[in-house]
Amino acid sequence: MSVPRLHPRTIEAVKERADIVDVVGEHVVLKKKGREFVGVCPFHDDKSPSMTVSPAKQFYYCFSCGAGGNSIKFLMELQRQSFSDVVLELARKYQLPVETLEGPQQERLRQQLSRRDQLHKALSLAAGWFRSQLRAPEGAAALDYLKTSRGLDEATLEAFGLGYAPERWDGLLSHLQQVEGLSPELLEAAGLVVPRRGGDGFYDRFRHRVMVPIADRQGRIIGFGGRSLDGGEPKYLNSPETEVFEKGKHLFGLDKAVNAIRKADRAVVVEGYFDVIALHAAGITNAVAALGTALSNQQITQLCRCCDGKRLILNFDADGAGVRAAQRAIGEVEQLALQGQLELRVLHLPSGKDPDEFLKQHGAGDYRSLLDQSPLWLDWQIDQVLHGCDLSKADQFQKAVTDLVALLGKLPASAVRSRYLQQVAERLSGGQARLALQLEDDLRQQVKGQRWHGRSRRWEQPGEAGLRERAEAEVLRLYLHCPAYRGPIRAELRRRELDDFAIAHHRQLWAVISSLEEDNLGVGRLEAINRGSEAGAELADLDLPRLLSDQLLLADDPDSGLPSELLGRLTPLLEPSDVQRLSLSNPPLQLRGATAALERQRSMKRARHLLDAWSSQRLETLERCIARLLDDSQAPPAEAAAESLDMETRIEAMFAELNSDALRFQDLYYNERKHIEHLDSQRRASFEDVVAESQDAQPA
């Protein structure tokens, strides 16, 4: 349906209601600075906060790329939407009346907007019915579970609207149909009922479960979490995603925690519904939980809008799934944390307990003390690297050093980096002072190389990130859909030192692929293929697209090995377009071109680094060299005449000695440029071969 022309009154109402800080803050983490806010600009590859948002002027402006405007323009450029679409979206969000200049279209538009209101109404009525069933005779076991097993009082049950879904196939369906007059189709759209397989009617989605209503930030019911009472699987059943419920955009308990988060100036993020409920019952009301998925960037942004200090504490379970969830959450905000845009801490409770268990045994006071002592994310990650590591064994020591160098290489501030280098060296040395000093120096040299040799963004030009992502995607597409070439691809990536992909989601996907192949071939065989000592023909036997597609179905399971945030990025690789399939016609040429492009980017960054190092050197002139030689010369006239023949050689030697560092950087720079020319010739040859093949394929 084409969007009708909007009445000026609607546009003005949206402009007045849509606060620039709220709108921008939903997509960018903003930090207060005086009377304004600053954040990382989303319209270019911003390395430090360069966007300013002014509440007084209701205007945003980026001093780097020049982007600027009001709330509507921000959303138009960010979401690539039309003016009318953005205004309608904001009107719906703020529940403003929509007026158009055409009567019939206006009525249809209002009907479309009222659909969400109907879904909210159905969900609210369902929540009320679940609450009533908890007090009915059928809900006696559920009520006893909540009061006895969970230790919740009446005030907490009421505050969170907890209820019970009876063990009936159509209890909720019959009530909402017959009493409230709601259609089964609407209830299905709200995620409350499920169509029968034969297409003959519907049945309740939730049966014999304790029901936990999920609300949005405005307090409107958008979904439910149901906890099994009889040990049936799944233990927790959540509402499906609907028009009003997107798991990655909402946080359980945020509607009740907003004021407490603002007051405490920090948010506590836990894993489960009952962890949040137990914390709130204990008076720790600044706690929220993700909704069965890894903490997303949008959820983190919402939390950061609630506290000026941008302080987040992750309190996930200490088991493998909890550690992975914490690592994924850190990955979402790592850059913001490194830039000082937020303070991120990680708390793992003693003995692997979750907050609910810990509070029952120790109380709220001890929990608050642990929150205050929770380590910064980087300290926690260092602990994870060293946890269970026997540093007396060479292989484990080397792995720990490699992982720590990769971790510390991300730190941009030299003072902070020096502090962590010293701390890590002391832990690796086992308290031996002399060894600690030597390790600190070795780590510093390795971290220095890590920060610029193909990884640091400092030496990256605009647009290179996109080129790198396309080239890496091309390699992965070849690997997935040209199975006969998997061995050569692995060997080529290792030969060029490209097997540690630079793009985060590509690196995650490669780790999952490698894990699948290790399970089938063994670690030793796969490493031999990487080194090129084995052909790796058996890699072609694995149907990787199918195996990865199967894991997509399990992506919400933390133990699946496939992070759920990969879903949107993985599909284009598993299902290439027709044009992309054509590019797979000559895998060796495609591989040579893509890997040469990736290696060229790394070499270009190295060349820029060397050029900068070369230009920063202070050159000693020839005149200075001659003057120093004359000052040092004390020979008699006869000998001086003989030595004059050798003066030119001596001047050249002294020039080289005084400018050794500059000349070394010069040689390294020109060698790198020669290597880049070689890589360019490889890329050109690949392109020319592809063109020649396509011309040969054309009919005469």
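Two strands pair if DSSP finds at least two bridges between them. By that criterion, this predicted model holds an open sheet of 5 strands in the order β1-β2-β3-β4-β5, with antiparallel pairing.

**The antiparallel sheet**
- The edge strands are β1 (31-33) and β5 (68-69), each of which pairs on one side only.
- Strand β2 (residues 36-39) and strand β3 (residues 51-54) run antiparallel and are joined by 3 bridges.
- Within this part of the sheet, Val 38 stands opposite Thr 52 in β3.
- Helix α3 (residues 71-79) lies across β3, β4 (59-62) and β5, and its direction is at about 50° to β4.

**The β14-β15 pair**
- Strands β14 and β15 pair in the parallel sense, over 4 bridges.
- The chain goes from β14 through helix α13 (residues 320-338) to β15, a β-α-β crossover that is right-handed.
- Glu 343, in β15, is the bridge partner of Arg 311.
- Strand β15 (residues 343-346) has two faces: Leu 344 and Val 346 make up the covered one, while Glu 343 and Arg 345 make up the uncovered one.

**The α16-α17 helix pair**
- The axes of helix α16 (residues 377-386) and helix α17 (residues 394-408) come within 10 Å and cross at roughly 165°.
- Because angles over 145 degrees count as roughly antiparallel, α16 is roughly antiparallel to α17.
- The crossing in which α16 passes α17 is right-handed.
- On the α16 side, the residues that meet α17 are Leu 378, Gln 381, Ile 382, Val 385 and Leu 386.
- Their counterparts in α17 are Ala 400, Asp 403, Leu 404, Leu 407 and Leu 408.

**Backbone features in loops**
- A cis peptide bond joins Glu 233 and Pro 234, with omega of about -5°.
- Pro 234 is placed in the loop between β10 (221-228) and β11 (236-238).
- Asp 265, a residue other than glycine, has a positive phi, near 60°.
- The loop that holds Asp 265 runs between α10 (254-264) and β12 (267-270).
- Asp 265 has a relative accessible area of 22% and so is partly exposed.
- Lys 310 is also a residue other than glycine with a positive phi, in this case near 50°.
- Lys 310 lies in the loop between α12 (297-306) and β14 (311-315).
- With a relative accessible area of 5%, Lys 310 is buried, because the cut-off for buried is under 20%.

**Glu 518 in helix α22**
- Glu 518 is placed in helix α22 (residues 504-521).
- The relative accessible area of Glu 518 is 32%, so this residue is partly exposed.
- Apart from its neighbours within four places in sequence, Glu 518 is in contact with Val 523 and Leu 526.

Conventions. Residues are numbered from 1 along each chain as its sequence is written. This is a predicted model: local features need pLDDT of at least 70, side-chain atom pairs count only at pLDDT 80 or more; totals for chains, interfaces and linings use all residues. Side-chain values use heavy atoms; hydrogens and water are left out. Buried means under 20% relative accessible area, exposed over 50%, partly exposed in between (1.4 Å probe, protein chains only). A crossover is right-handed if, with the strands pointing away from the viewer, the path from the first strand over the helix to the second runs clockwise. Axes are lines fitted to C-alpha atoms, for helices over the stretch in contact, and angles run from 0 to 180 degrees between N-to-C directions. Angles under 35 degrees count as roughly parallel, over 145 as roughly antiparallel, 65 to 115 as roughly perpendicular and the rest as oblique. A crossing is left-handed if the near helix is turned anticlockwise from the far one by less than a right angle, and right-handed if clockwise. Contact means heavy atoms within 4.5 Å.
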